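This report goes through selected parts of the structure shown below, one topic at a time.

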Amino acid sequence: MGGVELLQFALAGLKNGAIYALVALGFTLVYAATGAINFAQGEFYMLGGMLSVWAYAGLGLPLPVAGLVGVALTAVVGGVFEFLAVRPRKDGDLLAIIIITVGGSMVLSSAARHLFGPLEKALPAFSGTGTVSIFGAVLEIQSLWILGLTTLAVLALWYLYNRTSLGRAMRACAVNRDAARLVGIDPRKIVTVSFVLAAALGALAGLAVTPLTQTAFDVGPSVGIKGFAAAILGGLGNPIAAVAGGIVLGMLESLSIAFISSTYKDAIALVVLLGVLFWRPQGIFGASRREKV
Amino acid sequence: MSRSLGTRMTRLIVSVCIVALTVPTFLIGCDGDRDTDGEAVRIGAVLSLTGSLAGLGEPARRAIEVEVERINDEGGVNGRPVEVLFEDDASDEARSVAAASRLIDQEGVVAIIGGSGTGQSMAMRQEIEPGEVPQVALAGGSVVTDEFSPWVFQTPWPNRVVVPFTLEHLQAEGIERLAIIAESGGYGKDGSDVTKALVDDFGIEIIAEEQFNRGDTDMTPQLTKIRAEAPDAVLMWAAGAEAATILKNNAAIGGASPMRFFGAPGNARLEFVEGAGEAAEGFVFAAGHILVPETYGVGTEAYEVATGFIDRYTERWGEGPDIFAGHAYDAIHIIVEALRRLPAEFTPADVRDEIEATSGFVSVGGTFTFSPTDHNGMTAEDLTMYIIEDGAWKPLEEVR
């Protein structure tokens, strides 16, 4: 195998990894706020693509506006979903919230099917269907958008977490809900904000990928699972770890195809995931959590 | 107090919404026409109206609705209206079994159309055989009729017919080193298995074989690996949305010299052509004559049958039928023709016998002749090679 091909595999891994990373970030945000896994995260990815297609093809909006509309509407759906389905469960029972999100994901994909039909929908590439050559290996220009948007999202999240009072409140809440409440932070508001942000991130991923893959009402679960695996692999609750987890997972899949077999690529990624969890249950980059008695 | 009541109400509303939206709408009845007398003849249809195979199930449902309406307008079958009971299996094999069981035990159907997918069609057999009700499957996997059951018929061209037709064409084009990229389950697996079993007869060698899973977003690594082997062409077995992604990935890494791609009837979908865009130019695949009715031969009986169906379907649904609608057209008419030949009193087993006696029935997918050993009856005659040019499929013969 030549160097150019190896680079091609790495670029493909990076591209898929960036997608997984965006979805994983959504898992991590909701986990930090509630301690629960939001299994509707994949549906936010689906909605981002579907609503953008609807705004573009259905409403006839220009592509950038349609994309913004798609992401914004999905963020609203995320907030409404939290308000109507998660918030009423006041005791914050984790298992109950997880089941609620599973139900929510079914509602969202069924609703999308009824509204937009069962068939896949296409969206044009953001800036042409061309490619760029990197030392002989090629990357679609759309993939540069995916990588760029992921980077931008990570930077924005970093800024939010470290430079704004809302971000500090979110971090405080993640560390200790009750203590945060004592200093005047409303944890319920933080949970809503987390769902809105998670939905927006998922939608951004769905929007960026749709020009390459098309989208349909049923694309959510498979991407959701990959994003979940990436979040676990990196370490739940930490945005940087989620991104790293996504990239590692994408690379693993790509290199499994290169050196072993495409038949088993998902199984190989899963085995590595399990191995990592045995070795470091908190994920590769997760801080070890010590229970203080 | 009022607040907790409010919360409870919200929760109630949310739960109701969840239940209402996720519980599939069972039995969307397709009423028989009121003008016809007598009790309706009930036919079941287990289709994938939701889930990953919805793109196959939905056109089938539409075709059956249009045709049942027409059959009943024309007086039904022997004076009785036809009623089709639709069940959605959500592309889930377990649900297709449950649906078949319900239709047989509780609804007393005389025949079942479906499922949409190969896996679903095979799974239903465990209810079909003991229930002694004939099944007309809409799935193209060879196993549906290769693993022979006296109760199971199949309307699409199975891969054992499609593959030799395709390989013959590849051979004529001088292709010797072939690569395969296939979906890991169902249609893709059946297609690549049949291909591998037959390539030797055509002097073709398989030099690379790669797989992908449903829902994968990027196939660049598989294509990079295939490209390193420098095949003459790639044969793709992908019926879903991933097919368009594969062609786009191929165009991206291929630059000025992308690999040549060939496909299968599962690619005869407008969404695929639209989704792949420029990357689909020059893509060649085998499918039935319905895509371009002129390939039946203008003025032939098949041409009249197909254009009549295309007109009715287009008028009702605002878009033309695809091959999956055609398979459903074949299924409902094969059953109805069998029913017409039966006396007033009959059992599902009699329906099976009459379906098996179908001979020279000119339909959309081809001319159907069943026998006790062949429950599909399609041949290479019923297929045409198409090429995608300027964003539309055209008969290859015409273009060359």
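## A β-α-β unit in chain B

β10(B), α11(B) and β11(B) form a right-handed β-α-β unit; right-handed here says that, with the strands pointing away from the viewer, the path from the first strand over the helix to the second runs clockwise. Helices (H or I, at least four residues) and strands (E, at least two) are DSSP runs, numbered from the N terminus. The model is predicted: local features need pLDDT of at least 70, side-chain atom pairs count only at pLDDT 80 or more, and totals for chains, interfaces and linings use all residues. Residues are numbered from 1 along each chain as its sequence is written, while chains are lettered from A and ligands numbered from 1 in the order in which they are written.

Strand β10 (residues 261-263) of chain B pairs with β11(B) in the parallel sense over 2 bridges, where pairing requires that DSSP finds at least two bridges between the strands. In this pairing B:F262 is opposite B:V284 of β11(B). β11(B) also pairs with strand β14 (residues 383-389) of chain B, in the antiparallel sense over 5 bridges, and there B:A286 stands opposite B:M385. Strand β11 (residues 284-288) of chain B is largely enclosed by the rest of the structure, because 5 of its 5 residues are buried (20 or more other C-beta atoms within 10 Å of the residue's own, with C-beta atoms placed from the backbone).

## Domains of chain B

Chain B is divided into domain 1 (12-156 + 302-378) and domain 2 (160-292 + 383-399), with bounds from an automatic or database domain assignment. Their C-alpha centres lie 29 Å apart. Contact (C-beta atoms, placed from the backbone, within 7 Å) joins 18 residues of domain 1 of chain B to 18 residues of domain 2 of chain B. On the domain 1 side, α4 (118-123), α6 (143-146) and α13 (323-340) of chain B each supply at least two residues.

## Contact between the chains

The contact takes 39 residues from chain B and 40 residues from chain A. On the side of chain B that touches chain A, α1(B) gives the most, with 8 residues.

## Helix α9 of chain A

How far apart are the end C-alpha atoms of helix α9 (residues 220-234) of chain A? They are 21 Å apart, which agrees with the 21 Å that its 15 residues should span at 1.5 Å a residue; the expected span is 1.5 Å times one less than the number of residues.

Since 12 of the 15 residues of α9(A) are buried, this helix is largely enclosed by the rest of the structure. Among the buried residues are A:V223, A:F228 and A:I232. Their cover includes α1 (3-34), α2 (41-58), α4 (94-116), α10 (239-259) and α11 (265-279) of chain A. After α9(A) comes A:G235, with a positive phi near 130°.

Terms used: Two residues are in contact if their C-beta atoms, placed from the backbone, lie within 7 Å.
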